[in-house]
Amino acid sequence: MKEIVKIVLSLTTVCVAAALILGAVFAKTDHLRKVNEEKLREDTIQSLLGYGTGVKKPGDLKIFDVYRYVITDDKGTTVLGYLLPLKEKGFALAEIDLSGKPGKVIPVTANAAQLAEPSSRDAAINAALPKGSKATYAETLSIANLRDKRLGYVVPGSTQGFKEAIKLMVSLDPDFNVTGMAIVEAKEDPGLGAEIQQDYFRNQFVGKTVDLLKSLKVIKEPLPTDYLEVLEPAKAKKIGLTQDQIREIKQKHVKDDIYALTGATISSRAVTNGVKDTVRKFVYRLDILTGALKQDKLQVAF
Amino acid sequence: MSINKHLVTIALAVALSFLICGSALAQATETGSFKKDKEIEINFGVPVDEDWAQNTANFSAYEKPDPDIKIPIESVTLDARKTVATLKFKDALNTSSDYIVEAKDVTSGGKLLKNRVEFSVKKGEAQVLFGVFLGAMLINNFVFTQYLGLCIFFGVSQKKETAIGMGITFTTVMVSSAIMCWALFSYVLQTLHLDFLRIIVFIGTVAIFVQAMDTILRKVNPYLFKKLGVYLVLIVTNCIILAVPLKNADSGNGPFASLTLGLGAGIGFALALFLMSCVREKLEVCRVPATFQGLPIAFIVTGLFALAFLGFSGLAIF
Amino acid sequence: MNRNVQLLWNGLIPENPIFRLALSLCPAVAVTTSIKNGLMLGLAVLFVQVCSSCTVSIFKSYIHPRIRIPAYVIIIALWVTVIDMILPVISPDVYKEVKLFIALIVVFAIIISRLELFASKEPFVPSFFDGAGMGAGFCFGLVLIGAIREFFGAGQIYGYDVLGFKPLLVMILPAGGFFVIGFIMATFNWLEYKITGKLPKSGGGH
C-alpha cells in the first residue's frame with residue numbers, strides 16, 4: 001500500500017511540476033509569438049504593395065485595417081459589421097444587413113493598440129453592442145493610401161489545396177486589377193505543389209483585370225519561354241532585358257490563362273479559384289460598404 | 001477481481017466514446033446534397049406547391065462563412081412526388097465548401113407550412129470519411145509518404161509473422177487512442193484553454209492505454225498476449241501513434257473523421273509492414289554486398305516502395 | 001582522452017544515433033529536404049536531449065523505478081513543449097516546416113533510450129556530455145542528409161541557388177530520402193570495415 005502511495009505521489013509531483021513550468025513558459029512566449037505573426041502579416045502586406053525588403057517604406061504611406069465581423073442578435077438576425085477608423089480620431093462599427101442595406105453606426109471606444117490584438121478587439125466590439133448580440137470575427141481587409149490618395153487594397157483569402165487549406169493574400173490597385181499575390185500558408189508537396197510560392201507562378205496573376213479574372217482558367221500548357229523570363233525579376237535582370245521589353249512581353253501575355261504547374265494541377269486550380277473568389281467577394285463587399293458610408297455620411301480615415 | 005475492474009473501465013470508456021460520437025452526430029440539421037457541380041438537391045419530406053417552388057425568389061443560397069453574398073439561382077425544379085427540389089446555378093459550386101440554402105414561406109397544398117427552413121449542404125459525410133480513409137491508407141501512407149513510424153518499421157518488418165502481429169496490435173491501439181485523444185482534446189483541453197498541454201496529454205493517454213491493454217491481455221487472453229504482447233511496448237515509441245491525434249487536433253476533425261484517420265493510418269502501416277516483410281524475407285537469400293547488408297539495403301527498398309506509392313498521389317476520388 | 005570529451009565524440013561518429021544505432025529515423029527522412037530544416041530540428045533535439053538528460057540525472061533518486069518510463073516521457077514532453085513554444089518566436093518560417101516533428105520528438109527512441117541507459121545511472125556532468133554528444137551526432141546526421149538532398153534535389157545550399165536547376169527532383173521526395181540514408185549507412189559500414197577490419201552486425205532499428 002505504501003509503495004502505491006509513494007508511486008502515485010512521485011508521478012503526481014512530476015506532472016504538476018511539468019505543468020507549472022509549461023504554464024510559465026507559455027505565458028512568456030505566447031505574447032511574443034503573436035507579435036511575430038502580426039509582424040509577418042504586415043511585412044507581407046507591405047511587400048505586396050511594392051515596399052518589400054530593401055525598399056524603404058515612404059512616410060506618407062498609410063495602411064488602414066478594416067475588420068469585418070458577423071453579428072447575430074438574440075432574435076437570430078444576422079448582419080455584417082465593419083469596424084472602421086474614423087477621420088476624426090476614434091472607431092465605429094457600421095452595420096450592414098445581409099441584403100446590403102446599411103444599418104446602425106455604433107461608436108467603439110478603444111485605441112488602435114487594443115484593436116490590433118484579436119482578443120481585446122473582440123471584447124471591445126462585443127462591449128459596444130447591445131446586450132444579447134454577439135460578434136464573430138470574419139476577416140481583415142487592408143486599405144492603403146499614399147499621400148492621401150488610394151494606393152490599393154490587400155485582401156486575405158483561403159482555398160482548399162491538394163493537401164490542406166491554402167491561405168493567400170491578393171493586392172489590388174484602385175481599379176481592382178491584381179497587383180500581387182502572396183501565399184501566406186500552404187502545406188503542399190515540395191517541388192510540386194509548393195511551387196505555388198515561386199515567382200513564376202504567383203506573378204502570372206499580376207495585371208489581371210477584374211473582367212479577366214471572371215473567366216480565368218488554368219490551362220495545362222508549358223509557360224512560353226519569353227513569359228517565364230519576365231516573371232522572375234532576378235532572371236530578367238540577368239538576361240539584360242530593358243524595362244520596355246519586359247512591359248511589352250507582359251502585355252502580350254496578360255490575357256493568357258494561368259499556366260498550371262508541372263505535376264500540380266490541383267494546387268494551381270485551387271490557388272486560381274482562391275484568387276478569383278477573393279477578388280469577387282471583396283469587390284462586391286467594398287461596393288456595398290462604400291454605398292453605405294455615403295448614405296450614412298460617415299467620414300472615415302481612408 | 002482486478003480483471004473485472006479493468007473490463008468495467010474499458011467498457012465504460014467505449015460506451016462513453018459512443019455517446020460522445022452519437023451526440024455530435026445528432027446535432028445535424030436539415031441537410032441537402034450536391035448533385036453535379038452546378039446543382040443542389042434538398043428534400044422537404046412533404047409535397048410542396050409547384051408554383052411556389054419555381055419562384056426562385058423564395059430561395060437563397062450562400063456559402064456558410066459568407067451569408068451576405070447570395071449566389072444567383074437559375075432555376076428550381078421539383079421531382080415527380082414534389083418533395084425534392086433541385087436548384088440549378090449558373091456558376092459551378094465549390095463542393096469542398098459548406099453551403100446553406102434557405103427556403104422562405106414554404107407552402108404546401110395552398111397553406112403556409114413554415115416561415116423559414118434552412119438546409120445545410122456539404123460533401124456527403126460518408127464520402128468525406130472514405131476520402132480520409134483512402135488518404136491515410138494509400139495516398140498519404142504514413143510510412144512511405146509521411147516518413148512516420150520508421151523506427152518500428154525497420155525493426156519489425158523482417159518476418160511476415162512479426163509484421164502481421166505488429167500490424168494488428170498497432171491498428172487496434174491506434175483506433176482507440178485516436179478516439180480517446182479526440183474526446184480529451186475537444187472536451188477537456190479546448191474548453192479549459194489548455195491547448196499547449198496537448199503533447200503531454202496525448203502521449204500520456206497512449207501510454208496509459210498501452211499499459212491497460214498490456215494488463216488486460218495478460219490476464220484475459222494469455223495466448224494472444226504471448227504472440228502480440230511484446231509489440232505493445234514498442235508502440236509507445238512509434239511516431240504515428242502521436243502524429244495521428246496531433247493531426248486530428250490541428251485539422252479540427254470530428255469524432256468520425258478522427259476514427260477513420262486512425263483506422264486508415266493503422267491499416268496503411270500494417271500494409272507497409274507486410275509488403276516490406278515479403279521483400280526482406282526474399283532479401284535474406286539474395287547476394288547483397290557486405291556493406292549494404294541489413295539496414296542500408298532495407299532503406300533502399302523502402303525508397304523504391306516510396307516511389308511506387310507516389311503513384312497514388314493522383315488518387316482523389318472525392 | 002577526458003571521459004567527457006570521449007562521450008561527445010562517441011555520439012558523433014562511432015555511435016551516431018542515425019547511422020549506427022538506427023534510432024529515430026522518421027525525422028531523418030522527413031525534415032532533411034534542406035540544410036536549414038535539418039539544422040533547426042537537430043538543434044531542437046539537442047536542446048531536448050541535453051535538458052532531459054540533465055533533469056533525469058539530477059532527480060534520478062526521486063523517480064520511483066516502477067514509474068520511470070512514464071516519468072521519462074513526461075520530462076521529455078515537458079522540454080519538447082518548451083521548445084515548441086520558443087521556436088516560433090525565434091524562427092517562425094522554419095517552425096512552420098518542422099512543426100509536426102517538434103511535437104514528435106517525444107517519441108524519439110534515441111532520447112528515451114539515452115535516459116534509460118545513461119542519465120538514470122550517471123551523475124550530472126557526464127549525462128550532460130552524453131546528451132550533448134548524442135544530440136550533436138543527430139544534428140550532424142540531419143545536416144549531412146539535408147546537404148546531399150538539397151544540393152542534388154534543388155540545386156541549392158542553405159537556400160542559395162548554386163546550380164540554377166534541379167538535377168534530381170526525386171531527392172526531395174520521400175523516396176530520395178530513403179535512398180540517401182541507405183547509401184550513407186552503407187558508407188559508414190564501409191568506413192568501419194576499412195578502419196577496424198570487421199563488419200558490424202546488421203543494425204538495430206527501433
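In the predicted model, helix α5 (residues 160-189) of chain B and helix α6 (residues 198-220) of chain B have axes that come within 10 Å and cross at roughly 140 degrees. Angles over 145 degrees would count as roughly antiparallel and those from 65 to 115 as roughly perpendicular; α5(B) and α6(B) are therefore oblique to each other. The crossing of α5(B) and α6(B) is right-handed. On the side of α5(B), the contact is made by B:Val173, B:Ser176, B:Ser177, B:Met180, B:Cys181, B:Leu184, B:Phe185 and B:Leu189. These meet B:Arg198, B:Val201, B:Phe202, B:Thr205, B:Val206, B:Phe209, B:Val210 and B:Met213 in α6(B). By class, the residues of this contact comprise 12 nonpolar, three polar and one charged.

The largest nonpolar core has 143 residues, of which B:Leu242, C:Cys26, C:Ile76, C:Val80 and C:Val106 touch the most other members. Helix α4 (residues 68-90) of chain C supplies the largest share of this core, 14 residues. Apart from this core lies another, of 54 residues, which includes A:Ile45, A:Val154, A:Ala260 and A:Val271.

The contacts of B:Leu242 reach into two chains. When neighbours within four places in sequence are left aside, B:Leu242 is in contact with B:Phe202, B:Ile203 and B:Val206 in chain B, and with C:Ala103, C:Leu104, C:Val106 and C:Val107 in chain C. Of these partners, B:Phe202 and B:Val206 are also among the residues of α6(B) that meet α5(B).

Between chains B and A, eight residues of chain B are in contact with 11 residues of chain A. The chain B side of this contact has five nonpolar, one polar and two charged residues.

Positive phi values were found in two residues other than glycine, described here in turn. In chain A, the phi of A:Phe176 is near 65 degrees. A:Phe176 is placed in the loop between β7 (165-172) and β8 (178-185) of chain A. A residue is buried if 20 or more other C-beta atoms lie within 10 Å of its own; A:Phe176 has 21 and is therefore buried. In chain B, B:Lys82 has a positive phi of about 65 degrees. The loop between β4 (73-78) and β5 (84-89) of chain B holds B:Lys82. Because B:Lys82 has 15 C-beta neighbours inside 10 Å, this residue counts as partly exposed.

How values were computed. Residues numbered from 1 in each chain as written. Chains lettered and ligands numbered in written order. Predicted model: local features only at pLDDT ≥ 70, side-chain atom pairs only at ≥ 80, totals over all residues. Axes fitted to C-alpha atoms, helices over the stretch in contact; angles between N-to-C directions. Helix = DSSP H or I, 4+ residues; strand = E, 2+ residues; numbered from the N terminus. Parallel < 35°, antiparallel > 145°, perpendicular 65-115°, else oblique. Left-handed = near helix turned anticlockwise from the far one by under 90°. Contact = placed C-beta atoms within 7 Å. Nonpolar A, V, L, I, M, F, W, Y, C, P; charged D, E, K, R; others polar. Core = buried A, V, L, I, M, F, W, Y, C linked by C-beta atoms within 7 Å. Buried ≥ 20, exposed ≤ 12 C-beta atoms within 10 Å, placed from the backbone.
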